[in-house]
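Colleague: I would like to learn how to read a two-chain model from its computed features. Could we go through it one feature at a time?

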Amino acid sequence: MNETAKEPTQLAPILTLESKFFWDAATKEQFVCEKCSDCGQFRFPPRPMCPHCHSVKRDIVELSGKGKVLSWIKPVHPKPIGFDEPPTVGVIETDEGFRIVSNIIDIAYEDITFEMPVEVAFAPTVKNKKVPVFRPLSNENDSLSPVGGEG
Amino acid sequence: MSRQFKEAAIAGIGQTEFSKSSGRSEQQLAAECSLAACQDAGVDPKDIDGMITFTLDNTDDIHLARCLGVENLAYTTRIPGGGAAAVATIYQAMAMVNAGLCENVLIWRAMNERSQYRFGQPISMESAFAPGSGTGSLSWCMPFGAQTPASWESLNAQRYMQKYGVTNEDFGYVSVQQRKYASTNPNAWFYEKPITLEDHQNSKWIIEPVLRMFDCCQESDGGVALLITSLERARDLKQPPVHIVGACQSIPNEVEVISNYYHGGDLADMPEAYATAKRLWAQTGMKPADMDVAMLYDAFTPQIFKQLEAFGFVKPGEASDFVKDGQIDIDGQIPVNTNGGLIAEAYIHGMNSVTEMVRQVRGTAANQVADVQHALISSGMAGAVLARG
């Protein structure tokens, strides 16, 4: 780690009774989702009942962390809270089939393409939390670069 | 009161001035515009028996009833979904009158949304995502810097741009058109202030590569109200009645107003608008070609493209050429947002679009479309067809 790294500024996630498991896992660098204990379907955003079989039993399972980019934007004005420079925000479709809004890091905004494969990384936030972000899928032979807020 | 089915009509409209600093409370704006709607209709406010507003409205129903001297209120309700509630208020008022439950339904929306707080600024309070607003999934955007309505809209609109090869300049034609309408509407904030496409392209980026400043609705202070009654009764009141021919709402599975990423379809689509259109055309037996004017919710310019397509005025992907060709101008195939809309008149959360539609049907609009028989109004998740009664 870079010893002179700045304190994180990115906003901490908003915790609710239903979302806390997700963000707590992210802080431990795990990318997880709710999965119905009875019919096995993933569901996101989290909810207390499976819309397919109406079971209230659920498992929290760790995911592949892989997905693809469906859309991407750069919020310029007003300046987003928690960022020195405009971040890239995208909608990611995970390999498990649900969509999530996150940041796309380690690639210039102009170089992103539709359905570009990405993989999860974790960015620190205030209040000592971490949130899942996505970067271009690396080749297995490449060494993984450490992940920081601004890369 | 016997519960007989009754056709519903808009009998009165009322509004305050539209400004950036009203100088008075939202409760006062609500009382003023509500009284104006009653006076326009020729209905004594004490006879109001139904009241509807948005879940996001900060004024108090009972306090408003107290201001107006309402004698015996029968029904109050509030509608979630941000601005999507706009046309849903008419839908619910229609249903209340149809069912014979209410005779004088007041709809209001009052906001100091420039001087007191700003929808366009990053929201970082957890209270903004409280249950009941219908927009709880927005909380999942906040840590990542998508913190404004413009950013939430753009996550879908950028996919629309990719899919159909549309650019920000293409969206600019909507902005130029609406500023043109506003320039001849004395109630508009941008009265006598038209812009060119070059002005649009020179306005600053809000969200790259989707929205510039002139693609966005305003932040405004003001209040708007409507008085809904039965068609039969409206015919005996002060104004020519505006018949609610049909109205509906549609919230498809996994759809949420603006953080609309979780349904299974293409992000370029607006599933709620397609579903609303389908339901509305089925309910009224009408089609796009029957409409003489349309008011389409325009928090941001891309929403005009999506609704033109969803309601079937053009095929998917064809809205850009249609708009560029002048077809939403006053002499085009379907004049759209003839008061300047939320972009150029004011942003009273879509309700000033409803009053404009009433004026178009009455024949009293600043930019009057010739011989309006049927008018479409959409707030994306709800729609209505109005006609002379």
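Colleague: Which pattern does chain A follow, read along the sequence?

Modeller: Chain A reads α-β-β-β-β-β-β-β-β, that is, one helix and eight strands. Helices (H or I, at least four residues) and strands (E, at least two) are DSSP runs, numbered from the N terminus. On conventions: this is a predicted model, in which local features need pLDDT of at least 70 and side-chain atom pairs count only at pLDDT 80 or more, while totals for chains, interfaces and linings use all residues. Residues are numbered from 1 along each chain as its sequence is written, chains are lettered from A and ligands numbered from 1 in the order in which they are written, and side-chain values use heavy atoms, with hydrogens and water left out.

Colleague: What share of the residues in chain A is buried?

Modeller: Buried means under 20% relative accessible area, exposed over 50%, and partly exposed in between (1.4 Å probe, protein chains only). In chain A, 45% of the 151 residues are buried. As for contacts, meaning heavy atoms within 4.5 Å, 54% of those in chain A with a separation of 6 or more link residues 24 or more positions apart.

Colleague: Why is strand S7 of chain A described as largely enclosed?

Modeller: S7(A) covers residues 117–124, and six of its eight residues are buried, so the rest of the structure largely encloses it. Its pairings come next; two strands pair if DSSP finds at least two bridges between them. S7(A) runs antiparallel to S4(A), with three bridges, and A:Gly67 has A:Val118 in S7(A) as its bridge partner. With S8(A) there are seven bridges, again antiparallel, and A:Val120 is opposite A:Phe134 there. The hairpin of S7(A) and S8(A) has five residues between the strands, and A:Lys127 in it has a positive phi near 65°.

Colleague: How many residues of each chain are in contact across the interface?

Modeller: The contact involves 39 residues of chain A and 37 residues of chain B. Buried area is the accessible area (1.4 Å probe) that two parts lose on being put together, summed over both. Here the two chains bury about 3,200 Å² between them, with 66% of it on carbon and sulfur atoms. On the chain A side, A:Ile14, A:Arg99 and A:Val101 lose the most area to chain B, together 22% of what that side buries.

Colleague: How many salt bridges cross the interface of chain A and chain B?

Modeller: A salt bridge is a side-chain nitrogen of Lys or Arg within 4 Å of a carboxyl oxygen of Asp or Glu. The rule finds one across this interface. A:Arg47 and B:Glu254 form a salt bridge through their side chains, at 2.6 Å from N to O. A polar contact is a pair of N or O atoms within 3.5 Å; within protein, one must be able to donate a hydrogen and the other to accept it, and residues adjacent in sequence count only if both atoms are side-chain atoms. There are 16 residue pairs in polar contact between chain A and chain B, both residues at pLDDT 80 or more.

Colleague: Which element gives the most to the side of chain A that touches chain B?

Modeller: S4(A) does, with six residues. S4(A) also pairs with strand S5 of chain B (residues 205–208), antiparallel over two bridges, where A:Pro75 has B:Ile207 as its bridge partner.

Colleague: Within chain B, how many residues of strand S8 are buried?

Modeller: Seven of the eight residues of S8(B), residues 242–249, are buried.

Colleague: Is B:Asn156 buried or exposed?

Modeller: B:Asn156 is buried, with a relative accessible area of 4%. The residue lies in helix H4 of chain B, residues 149–164. Not counting residues up to four places away in sequence, B:Asn156 touches several residues, including B:Ile258, B:Tyr261 and B:Lys306. A polar atom of its side chain lies 3.0 Å from the backbone oxygen of B:Asn260.

Colleague: How many residues of helix H9 of chain B are buried?

Modeller: Nine of the nine residues of H9(B), residues 302–310, are buried, B:Lys306 and B:Glu309 among them. B:Gly312, which follows H9(B), has a positive phi near 90°.
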